[in-house]
Amino acid sequence: MKKRNVAIIAHVDHGKTTLVDQILKSSGTFRENEDTSNITMDSNAIEKERGITILAKTTAINYNDYRINIVDTPGHADFGGEVERIMNMVDGALLVVDAYEGPMPQTRFVLKKALEAGVKPIVVINKVDKPSARCEKVVDEVLDLFIELGASDEQIDFKVVYASAINGTSSLDPDLSTQKPGFNPLLDLIISEIPAPSGSAEEPLQFQPALLDYNEYVGRIGVGRIHNGMIKVGQMVTCCRLDGTTKQFRVQKLFGFLGMKKIEVESAEAGDIVAVAGLADISVGETLCDTTHVLPLPPLRIDEPTLQMTFGTNTSPFAGRDQDTKFLTARQLEDRLQKELQKDISLRVLPNDAESWIVCGRGELHLSILIENLRREGYELQVSKPKVIIKEIDGVKMEPFEELEIECPEESVGSVIEQLGSRGAIMENMTNFNNQTRLTYTIPSRGLIGFTTDFMTLTKGYGIINHSFKEYRPYENINIGERKLGVLVSIDEGKTTAYALGSAEERGVMFVTPGVEVYEGMIVGEHSRENDLAVNVTKGKNLTNVRAAGSDHTVVLKRPRPITLEYALDYINEDELVEVTPHNLRLRKKTLNTEQRKKEDARRQK
């Protein structure tokens, strides 16, 4: 069977995964009586809830005597390293662009990776059914982006498909009336435009994993493309390690892809995208070769982490109280972090002390998804404020900088510009259209920590924010990203009362409701001033024969501020932690004792 290998690349939320889902449904890959109502490439619960792709997924369809392998890539900046590696597996890329938004920061990032890898692009203008769609203008913007990124003449001569993935229609014409159900125009273009995979089945074996999977039974699984030769179950192969050493092992299992299924196969040849099991510590970028012809391929680049946090066992007075807690100890947490390292190559875990570890990742989203997965599995832990990783290059301290693109209503532009100025951001560009302003900045990564929350407040939720890693620049010793306001900290353990919260509310904004269990050192609200304030939120009203017990119900409280995991990580300062349990998120001071904390603050101010 002839083969085509393509990746789907796009900015986050431009419709990659929906497009793949619809291609699967319309390609005839499923039986007529098979239920396709719940088909989706985003299989992880968090992916479904948030509507984002976290891990790249591989699938394949059969169409007109062709096997088309499709790799759905993540769109978020934190997972951009996968896009780069996937370009090594494919010969073409479908660049999906929103018919209204046009090219966005991640569009530029993923297209740059595709052009550098020399793959053939096809542009898919998606969401053409939007009333605000501006198809022809967006095609011009895409062409400008190709030219700006230095595309070759062949790459600039791209074909365009107009589609509505949500409705399952497509056409080669921007006119909406030509839209027809199915994606045959796109699939025909893939066959005619994308070159067949290079490599020969007659040559010695060369297979390079670009992605990792993990299975309890067979351990690590390397997913990649066979560049040359053939591979069979039971065959002895040589793995060329990244450090230059070699190791021989026997191929235990071989998996191919079709539709939503991973299917076991006995053999595969050059051009196939397969998953190989048999070597417990196989890594991305290594090469599997014939034992008689050891010819390693150039290693793949793996993005370095830019952010770090401390993960530790829960030391709060409420540790272990959550009914769904299954894992509490340092050993259990360490084992789980080591298991995550098996499939996430962008993650680093370094020992800190007996009860905590420094976990390094690509960004806040990357690490917050790991924390969310841990709490859903029944782990309790406490985490520190995210910090950027400062590198030393040629004796100079360097920090990561990001390209930031913002879209917000005109009335909130002034306050957004002011906020970014205080975070060390440099404005590169500013454009206006339809009462919206688009701002482009270069900003230190640490300036983005905690910014999303402020940004949503400043724009009343109407702003759009996107960023991607740009480069390392010399570190500037300025204070960026610390919260300006202090917090209200509980001085007692017990249940909160409406009476006590009513008094504390005059000092700021509360995070808790009446009847919530709190402990000394737990953060219960935000102070309206810059200093922290110890408050008693468990005090009840003294009952006398004059007052009735029921008068407590006359206290009218404001709605407390909701605390999500991302908000909590953004919000805390250096001397604070987030306590994470399966059902609770609590903000707390590192030092719980009020008197001890006062002494530490006094020492710091001297």
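Predicted model: local features only at pLDDT ≥ 70, side-chain atom pairs only at ≥ 80, totals over all residues.
The protein chain comprises 15 helices and 36 strands. Its C-alpha atoms occupy a box of roughly 95 × 60 × 55 Å along the principal axes. The radius of gyration is 27 Å. A compact globule of 606 residues would have a value near 25 Å, so the two agree. Contacts were then examined by separation along the chain. Of those with a separation of 6 or more, 71% join residues 24 or more positions apart.

Burial and surface composition were considered next. Of the 606 residues in the protein chain, 54% are buried. Charged side chains number 72 positive and 90 negative. The centres of the positive and negative sets lie 5 Å apart.

The structure contains 0 disulfides. Cys-239 takes part in no such bond, and its nearest cysteine sulfur, that of Cys-240, is 6.7 Å away. Cys-239 is also buried, because its relative accessible area is 0% and burial requires a value under 20%. For Cys-289, the closest cysteine sulfur is likewise in Cys-240, at 3.8 Å. That distance is too far for a bond, because a disulfide requires sulfur atoms within 2.5 Å. Cys-289 has a relative accessible area of 0% and is therefore buried. Cys-240 thus supplies the nearest sulfur to Cys-239 and to Cys-289.

Two residues other than glycine were examined for positive phi. Asn-64 has a phi near 50°. Asn-64 sits in the loop between β2 (57-63) and β3 (66-72). Lys-127 has a positive phi of about 65°, although Lys-127 is not a glycine. The loop holding Lys-127 runs between β5 (120-126) and α5 (135-148). The relative accessibility of Lys-127 is 21%, so Lys-127 counts as partly exposed. The cut-off for burial is under 20%, which is why Lys-127 is not classed as buried.

Technical notes: Residues numbered from 1 in each chain as written. Heavy atoms only, no water. Helix = DSSP H or I, 4+ residues; strand = E, 2+ residues; numbered from the N terminus. Rg over C-alpha atoms; globule rule 2.2 N^0.38 Å. Buried < 20%, exposed > 50% of the residue type's maximum accessible area, 1.4 Å probe, protein only. Contact = heavy atoms within 4.5 Å. Lys, Arg positive; Asp, Glu negative; His and termini not counted. Charge placed at Lys NZ, Arg CZ, Asp CG, Glu CD.
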